[in-house]
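Trainee: I'd like to learn how to read a fold like this one. Can you walk me through it?

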Amino acid sequence: MDKSKRLFVKHKRAFRRRLPPIQSGDRIDYRNMSLISRFISEQGKILSRRVNRLTLKQQRLITIAIKQARILSLLPFLNNEKEFEKSELVARTTGLRIRKK
C-alpha cells in the first residue's frame, strides 16, 4: 500500500452498544414508580430525551406518566428539601438573636 493511500484509511473504533433504559417488558405507567424515578433529576425535573436515551414515543409516555403521578401526589412537583432545610435554619437563628439596648 502506498503512503498516500494509507493516509485516507479510517480507523475503526471499538463500539460498545448501550442497553436500552426501558426493557420490552416494562410498562410505562404512573404507578410504576421504580421506572419513573429513573427519569427525574434530583431537583424533580424531567430529564431530556437525549440524556435518557429514549425514543420520542417513550419520552412522551414517560412525561405523561410523571405528570399524572405528580397530580395524584405520588411524586412531588419540586424537590426542595435542601432549600427548605436552609430556610428553617435561617428562621431559627434570626429568632435567637439578642437585641442590644
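**Reading the helices and the core**

Mentor: Read along the sequence, the pattern is α-α-α-α-α, that is, five helices and zero strands. Helices (H or I, at least four residues) and strands (E, at least two) are DSSP runs, numbered from the N terminus. This is a predicted model, where local features need pLDDT of at least 70, side-chain atom pairs count only at pLDDT 80 or more, and totals for chains, interfaces and linings use all residues. Residues are numbered from 1 along each chain as its sequence is written, and side-chain values use heavy atoms, with hydrogens and water left out.

Trainee: Which residues make up the largest nonpolar core?

Mentor: A nonpolar core is a set of buried Ala, Val, Leu, Ile, Met, Phe, Trp, Tyr and Cys residues joined through side-chain atoms within 4.5 Å. Buried means under 20% relative accessible area, exposed over 50%, partly exposed in between (1.4 Å probe, protein chains only). Here the largest core has 11 residues: Ile 22, Leu 35, Ile 36, Phe 39, Ile 40, Leu 54, Ile 62, Ala 65, Ile 66, Ala 69 and Leu 75. Two or more of them come from each of α2 (33-36) and α4, and α4 gives the most, with four residues.

Trainee: Is Arg 70 buried or exposed?

Mentor: Arg 70 is buried, at a relative accessible area of 12%. Arg 70 lies in helix α4 (residues 56-71).

Trainee: And what does Arg 70 contact?

Mentor: Contact means heavy atoms within 4.5 Å. Beyond its neighbours within four places in sequence, Arg 70 is in contact with Gly 44, Lys 45, Ile 46, Leu 75, Pro 76 and Phe 77.
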